[in-house]
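Q: I would like to learn how to read the features of a protein model, one at a time. May we work through an example together?

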Amino acid sequence: QVQLVESGGGLVQAGGSLRLSCAASGRSFSNYVMAWFRQAPGKEREFVAHINWNGDNTHYADSVKGRFTISRGNAKNTVYLQMNSLKPEDTAVYLCAAKWDGSTEYFYWGQGTQVTVSS
């Protein structure tokens, strides 16, 4: 059974940092793109960042570019999101997702971890 489990969320003051982790299990993710999305209350889910299977290709939403960094663990089944210079508008549930490299849609999703940034 495939599972994506996020951790590392919490409450932080504006300007602070958090590091999110996503542990994937149940299959090999070595040929999968992994990504972070977020969803704030009353808003649609939005893309944050993605990383390809070997970690040499990343892409970020304009709203987080220069502040967030996505990376992958050596085993390729773990993905991280380092979030710096956090702003109140970054407050959301952050979700990890995975798709086969070549697919257009993310097939596997985690349950999410709450990030709250106070002003």
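This is a predicted model: local features need pLDDT of at least 70, side-chain atom pairs count only at pLDDT 80 or more; totals for chains, interfaces and linings use all residues.

Q: Is I70 buried or exposed?
A: The term buried applies under 20% relative accessible area. I70 has a relative accessibility of 4%, so it counts as buried.

Q: Which residues does I70 touch, leaving aside those up to four places away in sequence?
A: A contact list shows what surrounds a side chain. For I70 the list includes M34, A35 and W36, then A49, H50 and I51. T58 and Y60 also touch I70, as do V79, Y80 and L81. Sequence separation and spatial separation should be read together: I70 and Y108 are 38 residues apart in sequence, and their C-alpha atoms are 18 Å apart in space.

Q: Moving to the whole chain, how many helices and strands are there in the protein?
A: The protein has 11 strands and 0 helices. Read from the N terminus, the order of elements is β-β-β-β-β-β-β-β-β-β-β.

Q: Which residues have the most contacts inside the largest nonpolar core?
A: A nonpolar core is a set of buried nonpolar residues joined through side-chain atoms. The largest one here has 30 residues, and those with the most contacts inside it are L4, M34, W36, L81, M83 and Y94. At least two residues of this core come from each of strand 3 (18-25), strand 4 (32-39), strand 5 (46-51), strand 7 (68-72), strand 8 (78-83), strand 9 (92-100) and strand 11 (113-118). Another core, of 5 residues, lies apart from it and includes V33, F37, A97 and Y106.

Q: What share of the contacts joins residues at least 24 apart in sequence?
A: Among contacts between residues at least 6 apart in sequence, 54% join residues at least 24 apart. Leaving aside residues up to four places away in sequence, G10 touches L18, Q114, V115 and T116. The C-alpha atoms of G10 and T113 are 8.0 Å apart, although 103 residues separate the two in sequence. G10 has 25% relative accessibility and counts as partly exposed.

Q: Where is V5 placed, and what does V5 touch beyond four places in sequence?
A: V5 lies in strand 1 (residues 3-7). Beyond four places in sequence, V5 touches S21, C22 and A23. With a relative accessible area of 46%, V5 is partly exposed. V5 and V117 are 112 residues apart along the chain, and their C-alpha atoms are separated by 21 Å.

Q: Which residues does V93 touch beyond four places in sequence?
A: V93, in strand 9, touches F37, R38 and Q39, together with Q111, G112, T113 and Q114. Its relative accessibility is 27%, so V93 counts as partly exposed. V93 and E105 are 12 residues apart along the chain, with 20 Å between their C-alpha atoms.

Q: How many positive and negative side chains has the protein?
A: There are 11 positive and 9 negative side chains, and the centres of the two sets lie 4 Å apart.

Notes
Residues are numbered from 1 along each chain as its sequence is written. Side-chain values use heavy atoms; hydrogens and water are left out. Contact means heavy atoms within 4.5 Å. Lys and Arg count as positive and Asp and Glu as negative; His and the chain ends are not counted. The place of a charge is taken as NZ of Lys, CZ of Arg, CG of Asp or CD of Glu. A nonpolar core is a set of buried Ala, Val, Leu, Ile, Met, Phe, Trp, Tyr and Cys residues joined through side-chain atoms within 4.5 Å. Buried means under 20% relative accessible area, exposed over 50%, partly exposed in between (1.4 Å probe, protein chains only).
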